[in-house]
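Q: I have a structure open and want to learn how to read it. Where do we begin?

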Amino acid sequence: MAKMPAGTELALVQKGRLTVCRGPAQAPFLETTDTSQSVDGSEIGRIKGFDVEMLSRIGDRISIPPEFDSTLPIDQVLDGTALNKKVCDVVGGISPDSPSAFPQMSLSVPYFTKKTAILVKGDKRYTSLGQLAGKQVGTTASPGFPDDLDTYNTKHSKKIVVKRIDTSQLLVGMLLADQVDAVVIGNGMAKNAVAEHKDEDLHVTAEFGKAYQARFAVRKGNTALLRQINAALADAGRNGQYAKSYRLWFGEEPPSVPTAG
């Protein structure tokens with residue numbers, strides 16, 4: 001990893017610390033493990049995931065390892081309050097429709113394309129929602145608006161039998177136990193399930209729907225830090241570190257790598 005040019009000044013919340021606030025992304029991008037209770041009763045734990053790998057590459061470039069703050073409500077992270085009040089330097093786990101969707105933040109180059117995926121076990125090869133009609137399909141709990149499965153069922157007489165569960169991890173367990181015919185979840189979680197269950201004959205048979213580009217966010221106008229984030233991601237793309245992390249978390253070669261913005 002190339003180092004930040006000598007003499008570069010970074011506007012960090014605390015000198016010598018790169019503080020990261022967590023966005024909405026969960027496993028396998030950002031996941032708290034080995035949790036325990038702190039003295040004030042809040043949950044603490046080790047953070048792992050693909051985003052952590054990318055943030056560590058950023059830390060390598062600026063010679064400051066990332067530190068994670070998971071204490072703020074997610075709305076204060078997404079509306080820019082955490083950055084503008086200088087609680088943190090970076091927000092991880094942002095996947096906007098476009099950079100203009102978060103005008104209060106400056107966003108990095110993309111480092112992962114998020115779509116919806118069909119995950120199956122064994123020799124089933126469902127490649128479209130139409131092929132899931134009449135099948136038992138697991139997906140996450142609806143966040144209050146129609147998703148792809150709802151939309152399909154409103155348009156067709158032969159319905160997909162939808163089973164909604166709170167977390168993607170539980171859905172994968174249902175698939176492994178043959179309680180559903182397929183699972184429809186985010187492609188990151190689906191690919192991670194394949195990578196983590198190499199002996200269970202899991203397959204991602206399709207990716208579809210609108211694509212969302214995962215990016216890191218910094219305080220609006222913090223161009224010095226944003227340049228280093230973009231440079232670190234591009235460096236990781238060139239030197240193979242990005243591909244190595246991608247293979248670790250998603251079990252396959254990346255379809256593309258980050259490039260300088």
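A: We begin with what counts as a helix: a DSSP run of at least four residues, numbered from the N terminus. This model is predicted. In it, Arg238 and Asp235 both lie in helix H7, residues 223-239. They sit 3 residues apart, about one turn of the helix.

Q: What does Arg238 form with Asp235?
A: Start with the general idea. Side chains of opposite charge can pair when their charged atoms come close. Now the case here. Arg238 forms a salt bridge with Asp235. The closest N and O atoms are 2.4 Å apart.

Q: Are Arg238 and Asp235 buried or exposed?
A: Under 20% is buried, over 50% is exposed, and in between is partly exposed. Arg238 has 62%, so it is exposed. Asp235 has 8%, so it is buried.

Q: How many salt bridges does a search of the whole structure find?
A: The search finds 12. Look at helix H1, residues 50-62, for another case. Glu53 and Arg57 both lie there, 4 residues apart, about one turn of the helix. They form a salt bridge, with the closest N and O atoms 4.0 Å apart. Arg57 is buried, because its relative accessible area is 16%. A network of salt bridges links Glu53, Arg57 and Asp60.

Q: Which parts of the chain does the pair of Glu207 and Lys191 link?
A: First, the pair itself. Glu207 forms a salt bridge with Lys191, and the closest N and O atoms are 3.1 Å apart. This pair links distant parts of the chain. Glu207 is in strand E11 (residues 202-219), and Lys191 is in helix H6 (residues 187-196). The two are 16 residues apart. Glu207 is at 35%, so it counts as partly exposed. Lys191 is at 6%, so it counts as buried.

Q: How many residues of H6 are buried?
A: Count them along the helix. In H6, 8 of its 10 residues are buried, so this helix is mostly covered. Among them are Met189, Lys191 and Ala195. What covers them? The buried residues of H6 pack against strand E7, helix H5, strand E10, E11 and helix H8.

Q: Which residues are buried in H5, and where do they sit around the axis?
A: The buried ones are Ser168, Leu171, Val172, Met174 and Leu175. They cover an arc of only 155° around the axis, so they are on the same side of H5. These residues pack against E7, E8, E9, E10, H6 and E11. Just after H5, Asp178 takes a positive phi of about 60°.

Q: How do I read a pair of aromatic rings?
A: Look at the ring centres and the angle between planes. A search of the whole structure finds 12 aromatic pairs. The rings of Phe29 and Phe250 have centres 5.9 Å apart and planes at 45°, so this pair is tilted. Phe29 lies in the loop between strands E1 and E2, Phe250 lies in helix H8, and they are 221 residues apart. Phe29 is buried at 6%. Phe250 is buried at 2%.

A second pair has another geometry to read. The rings of Phe50 and Tyr246 have centres 6.0 Å apart and planes at 90°, so the pair is edge-to-face. Phe50 is in helix H1 and Tyr246 in helix H8, so the pair ties together parts 196 residues apart in sequence. Both Phe50 and Tyr246 are buried.

Q: Which residues do ring pairs link into a cluster?
A: They link Phe29, Phe50, Tyr111, Phe112, Phe216, Tyr242, Tyr246 and Phe250. Finish at Phe29. Lys114 lies over the face of its ring, at 4.2 Å from the ring centre.

How values were computed: Residues are numbered from 1 along each chain as its sequence is written. This is a predicted model: local features need pLDDT of at least 70, side-chain atom pairs count only at pLDDT 80 or more; totals for chains, interfaces and linings use all residues. Side-chain values use heavy atoms; hydrogens and water are left out. A salt bridge is a side-chain nitrogen of Lys or Arg within 4 Å of a carboxyl oxygen of Asp or Glu. Buried means under 20% relative accessible area, exposed over 50%, partly exposed in between (1.4 Å probe, protein chains only). Contact means heavy atoms within 4.5 Å. The arc is that of the directions from the helix axis to the C-beta atoms. Rings of Phe, Tyr and Trp (its six-membered ring) pair if their centres lie within 6.5 Å; planes under 30 degrees apart count as stacked, over 60 as edge-to-face and the rest as tilted. A charge sits over a ring if NZ of Lys or CZ of Arg is within 6 Å of the ring centre and within 35 degrees of the ring normal.
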